[in-house]
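Please keep the sequence and the 3D view open while reading.

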Amino acid sequence: MTEGVDRRREEMLREMGISPLWRLRAAAAAPGVLEPVVDSGAPLAQILTAAEPQPIPIAASSRTAATVAAVDWPALKSCVAECTACGLHKTRNNTVFGVGDERADWLIVGEGPGADEDALGEPFVGQAGKLLDNMLAAIRIKRGANVYITNIVKCRPPGNRNPQPAEAGACSPYLKRQIELIQPRLIIALGKVAAVNLLGRDASIASLRGVVHDCRGIPLIVTYHPAYLLRTLPDKAKAWEDLCFAVTTMQSLQSAQSAAT
Ligand code: URA
Ligand code: SF4
């Protein structure tokens, strides 16, 4: 491992506010940790051959889907604020639309609002959100600047249960439209619910990590959900590898784009 890479790793660890546990485990895993799974020099087309293009599973209500498919940001926000398309509207205090740069390169997709998010109407503002902010800071990303953060469902599932497939399906036109409007370069799916819904197939996070998938033509990387990482510290090192992989993938995408223009 080169000195430069070592230094970058040290900086990342510091910024992530990572405990010594992470530092030790990351060091133990050192030989592979910063190796991108896909060579960053590989052409984009080659990177994407690893992917299996799958549509976002689509909406229960085709009327909602058709309306939402053409709206602009203000109309999309109103649609979500007034939405009663699934049962989650009955128990929500606030819808949680999403936050950030509406033309961001990075799109982060979580599962659904928790209690804190439901109270404030903003995604990832509780404990998991603090970890997410640290994870993003580690790769030099700050909430609001070149990143957009949202969830599969915009209303809180009661008791923090997983959203049911019908709820995720009912909510999917909103996320689909957000993706179309943002046109991110790279999507990061946080956790299994986000991954399964965005990729349209059931698989474990372990089997989906380390590969650039395709979500309607947009590269997508899967990592662990920060709430899971708070409960399962050893997997933080893997999440850190995923972030490194995301950075090298973004660099490849940016150089592929500048070579094309
Ligand atoms: N967990 C999520 O998946 N999303 C949030 O917004 C907060 C916690
Ligand atoms: Fe509508 Fe989505 Fe909320 Fe369900 S979760 S009520 S589909 S905004």
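Which helices each supply at least two residues of the lining of the second largest pocket? In this predicted model, the helices that do so are helix H9, which covers residues 165-182, and H10.

## The second largest pocket

The second largest pocket, to which that opening question refers, has a volume of about 220 Å³. Its lining is made up of 12 residues, and those that lie nearest the centre of the pocket are Pro-163, Pro-165, Val-193, Val-196 and Asn-197. H10 gives the most to this lining, with four residues, and by class the lining divides into six nonpolar, four polar and two charged residues.

Val-193, one of the residues nearest the centre of this pocket, has its place in helix H10. With a relative accessibility of 12%, Val-193 counts as buried. The C-alpha atom of Val-193 is separated by 9.0 Å from that of Gly-112, although these two residues are 81 residues apart along the chain.

## The largest pocket

The largest pocket holds about 630 Å³ of space, and 26 residues line it, with Glu-111, His-225, Ala-227, Tyr-228 and Arg-231 lying nearest its centre. At least two residues of this lining come from each of four helices, namely H7 (115-120), H8 (127-138), H10 (191-199) and H12 (226-231).

When the lining of the largest pocket is sorted by class, 11 residues are nonpolar, nine are polar and six are charged.

A search of the whole structure finds three cavities of 30 Å³ or more. The largest cavity contains about 110 Å³ of space, and of the 15 residues that line it, Cys-83, Cys-86, Arg-92, Cys-155 and Cys-171 are the closest to its centre. H9 provides the largest share of this lining, with four residues, while the division by class gives 10 nonpolar, two polar and three charged residues.

What takes the space of the largest cavity? That space is taken by ligand 2, and the residues around ligand 2 are Cys-83, Ala-85, Cys-86, Leu-88, His-89, Arg-92, Lys-154, Cys-155, Ala-170, Cys-171 and Tyr-174. The shell that these residues form around ligand 2 divides into eight nonpolar residues, one polar residue and two charged residues.

A search of the whole structure finds three aromatic pairs. One of them is the pair of Trp-73 and Phe-97, which is edge-to-face, with 5.9 Å from centre to centre and 75° between the planes. This pair links distant parts of the chain, for Trp-73 lies in helix H6 (residues 73-81) and Phe-97 lies in the loop between H6 and strand E1 (99-100), 24 residues apart. Both Trp-73 and Phe-97 are buried.

Trp-73 also forms an aromatic pair with Tyr-148, and this pair is tilted, with 5.7 Å from centre to centre and 35° between the planes. Because Trp-73 lies in helix H6 and Tyr-148 in strand E3 (residues 147-151), the pair ties together parts that are 75 residues apart in sequence. Tyr-148 is buried, as Trp-73 is, and the residues Trp-73, Phe-97 and Tyr-148 form one aromatic cluster.

## A buried loop residue

Ala-104 has its place in the loop between E1 and strand E2 (106-110). Is Ala-104 buried or exposed? Ala-104 counts as buried, because its relative accessibility is 0%. Ala-104 and Val-147 are 43 residues apart in sequence, yet their C-alpha atoms are 4.8 Å apart in space.

## Two residues with positive phi

Most residues other than glycine have a negative phi. Asn-160, which is not a glycine, has a positive phi near 60°; Asn-160 is found in the loop between E3 and H9, and at 48% relative accessibility it counts as partly exposed.

Gln-183 likewise is not a glycine and has a positive phi, of about 50°. Gln-183 is found in the loop between H9 and strand E4 (186-190), and with a relative accessible area of 52% it is exposed.

Methods
Residues are numbered from 1 along each chain as its sequence is written. Chains are lettered from A and ligands numbered from 1 in the order in which they are written. This is a predicted model: local features need pLDDT of at least 70, side-chain atom pairs count only at pLDDT 80 or more; totals for chains, interfaces and linings use all residues. Side-chain values use heavy atoms; hydrogens and water are left out. On a 1 Å grid over the protein atoms alone, a cavity is a set of points where a 1.4 Å probe fits but cannot get out, and a pocket is an open set with protein on both sides within 12 Å along at least five of seven lines; lining residues have an atom within 4 Å of a point. Grid points are joined across faces, edges and corners, and a volume is the space filled by probe spheres set on the points. Ala, Val, Leu, Ile, Met, Phe, Trp, Tyr, Cys and Pro count as nonpolar, Asp, Glu, Lys and Arg as charged, and the others, Gly among them, as polar. A residue is near a molecule or strand if one of its heavy atoms lies within 4 Å of it. A molecule sits in a cavity or pocket if more than half of its atoms lie within 2 Å of its grid points. Rings of Phe, Tyr and Trp (its six-membered ring) pair if their centres lie within 6.5 Å; planes under 30 degrees apart count as stacked, over 60 as edge-to-face and the rest as tilted. Buried means under 20% relative accessible area, exposed over 50%, partly exposed in between (1.4 Å probe, protein chains only).
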